[in-house]
Amino acid sequence: MLHLIRRRVRTAALTLSAIAALAIGATAPTGAAAATTPAPRKQGPTSVAYVEVNNHSMLNVGKYTLANGGGNVFDVAVIFAANINYNTDTKAAYLHFNENVQRVLDNVATEVRPLQRKGIKVTLSVLGNHQGAGFANFPSQQAASAFAKQLSDTVTKYGLDGIDFDDEYAKYGTNGTGQPNNSSFVHLVTALRANMPNKIISLYNIGPSASRLSYGGVNISSKFDYAWNPYYGTWQVPGIALPKSKLSPAAVEIGRTPQSTTTDLARRTVREGYGVYLTYNLDNTDRSADVSAFTRELYGSDAVYKP
């Protein structure tokens, strides 16, 4: 039996830094626009890397290439994580960045653009913060749309490639907030997709939002680009109506999931025809052995690490 691992360092959700609401209104992207230099093409699933920016650099994602052909190992890098917070005065949710996420965003020219120039997409994960605000309990469609605008404005301002939803640690009901309802997430994702039709929206398949994808005759499944299993070291097909090419039933924590398990999950991904492979917690050390454990199965090549 596979050992169940869902150990995520959640200091992003526990930050003690000062709370400040994101100013509404899109601005020009911070830093120079990323002029993409196409990476050598590779055949195989999309590889995703979450990076805990409280501890590690986003640039780690760009340090891995395939020995055969030189293509990027990772296709999507996820900044982990911004927070959905709650203002008890205005009784509204707002987007919050702890000091480490803010540092990445303030320095996109050196933290994000180098990845984008390699052809790696960079998205921002958004996570609950124990304050009662979550994606599943907006009190109205207007409130959901207002938060969607904060998200899309952030993507525009910093020149990011999309948003990832992780409905954990909201602690619904705290500060007098409501319990999850059926309409909230549908309104939020519908508004966000309308705001950014060509950007990535992904679902970390956990929490009340993941089971509330339909409301009023609207099903938002097709509005997601990807959905993935949240339990590291296991195989679990996300319960969302997306084609296999957009799903990652495999999930591994680099450096903690045994390499044999990583290999088995990658082999199964290819054998069963799924199109995404999820990894978490890429750190600042040479993890080429752990990374090669899946690249050999997904792409027929070892991974090369270049500091």
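The expected span of a helix is 1.5 Å times one less than its number of residues. Keep that rule in mind as we look at this predicted model.

**Helix 6 and its surroundings**

Helix 6 covers residues 259–271, which makes 13 residues. From its first C-alpha to its last it reaches 18 Å, close to the 18 Å expected. Which of its residues are buried? They are T261, T262, T263, L265, A266 and T269. Just after helix 6 comes G273, with a positive phi of about 80°.

**A pocket to explore**

Now turn to the second largest pocket, whose volume is about 220 Å³. Its lining has 15 residues, and Y86, K91, A93, N137 and P139 lie nearest the centre. Strand 4 (92–96) and helix 4 (141–158) each give at least two residues to this lining, with helix 4 supplying the largest share, 3 residues. Here is the lining sorted by class:

| Class | Lining of the second largest pocket |
|---|---|
| Nonpolar | 9 residues |
| Polar | 5 residues |

In soluble globular proteins, nonpolar side chains tend to be buried together. The largest nonpolar core here has 71 residues, and those touching the most other members are F74, I79, F147, F165, F185, L188 and F224. A second, separate core has 17 residues, among them F80, A81, L127 and A251.

What does F185 contact, leaving aside its neighbours within four places in sequence? Its partners are F135, F165, L203, S209, R212, L213, I220 and F224.

Terms used
Residues are numbered from 1 along each chain as its sequence is written. This is a predicted model: local features need pLDDT of at least 70, side-chain atom pairs count only at pLDDT 80 or more; totals for chains, interfaces and linings use all residues. Side-chain values use heavy atoms; hydrogens and water are left out. Helices (H or I, at least four residues) and strands (E, at least two) are DSSP runs, numbered from the N terminus. Buried means under 20% relative accessible area, exposed over 50%, partly exposed in between (1.4 Å probe, protein chains only). On a 1 Å grid over the protein atoms alone, a cavity is a set of points where a 1.4 Å probe fits but cannot get out, and a pocket is an open set with protein on both sides within 12 Å along at least five of seven lines; lining residues have an atom within 4 Å of a point. Grid points are joined across faces, edges and corners, and a volume is the space filled by probe spheres set on the points. Ala, Val, Leu, Ile, Met, Phe, Trp, Tyr, Cys and Pro count as nonpolar, Asp, Glu, Lys and Arg as charged, and the others, Gly among them, as polar. A nonpolar core is a set of buried Ala, Val, Leu, Ile, Met, Phe, Trp, Tyr and Cys residues joined through side-chain atoms within 4.5 Å. Contact means heavy atoms within 4.5 Å.
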